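Here is a short briefing for a first look at this chain.

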Amino acid sequence: MNSPNDKFKLNNGVEIPCIGFGTWQAPDGQTAVDAVRYAVELGYRHIDTAAIYGNEKSVGKAIAESETDRKELFITTKLWNTERGYDTTLKAFEKSIQKLGLEYLDLYLIHWPANKENTEKINSDTWKAFEKLYKDGLIRSIGVSNFLPHHLQPLLDTAEIIPAVNQIEYHPGYTQSEAVEFCKSNNILIQAWSPLGSGRLLQDPGLTEIAEKYNKSVAQLCIKWCLQNDTLPLPKSVTPQRIAENIRIFDFTISETDMKVINQISDLGGSGLHPDKVDF
Ligand code: A2P
């Protein structure tokens, strides 16, 4: 990958720009509008939001005001947990797309797997609605987020369409290798949320030492490391200087030896959010 507009190919043939601009915690209103607008100006072509972030309207405003052609952009949003199920999903999608002001979405994700009762049925009903929206041409690709193999396998057993993406927490020190291997063997692209461990990794001495060798920041090292592991990073920031920094990662390559060192870091900077335990 040599630029933010280089693409991964999803399992349905759709191409997805290799770095996404994350918008979690980008406050709705001018902050989110400015951040997304600036990101697109700088060359980000892939924007990741979610119904629960509460900023779909602002993301939509930035897209509408951008001079970049809609077809050049790749927009993702996610279905929130309270809307799971067939009919509720169709309605939630309608709301999201209206807020975004879009005619179609590039990627729609189930934000978290159901984790209380009747989980397989709920996930499968939700997925059926995703498949309908996909077949109706309203979404170019569909996927999941925070699904572990024991959530994915039952979904695959009843699905007509294999998820194109699984967006999980993924960064040095938290690599979820079982989920990653499962997805790789089923041709499901891994997207990395919190590629910087939500900032928790940035002072790590080991990562700092490696980053310095390349004259890069730890943030840039973490983002590049995701790409070199064939996962798609979604760094987020509302700070202009950092938004720019996080995309200046196409002018260096982490050596194989350093990749191995980083891959072996264990238990660092995890959020503690486990899909079977979260209570939201
Ligand atoms: P802010 O949005 O205030 O700039 P992650 O993508 O892993 O969740 O990390 C996001 C967090 O890290 C946010 O708090 C963001 O802060 C901060 N951040 C993003 N990019 C950088 C960077 N290049 N250097 C330092 N902190 C960063």
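Lys and Arg count as positive and Asp and Glu as negative, while His and the chain ends are not counted. Each charge is placed at NZ of Lys, CZ of Arg, CG of Asp or CD of Glu. On that basis the chain has 29 positive and 37 negative side chains, and the centres of the two sets lie 3 Å apart.

This is a predicted model: local features need pLDDT of at least 70, side-chain atom pairs count only at pLDDT 80 or more, and totals for chains, interfaces and linings use all residues. Residues are numbered from 1 along each chain as its sequence is written, and side-chain values use heavy atoms, leaving out hydrogens and water.

**Whole chain**
- The chain holds 10 helices and 10 strands (DSSP runs: helices H or I, at least four residues; strands E, at least two; numbered from the N terminus).
- The C-alpha trace spans about 55 × 40 × 35 Å along its principal axes.
- Of the 280 residues, 55% count as buried (buried is under 20% relative accessible area, exposed over 50%, partly exposed in between; 1.4 Å probe, protein chains only).

**Lys78**
- Lys78 sits in strand β5, which covers residues 74–79.
- Lys78 counts as buried because its relative accessibility is 0%.
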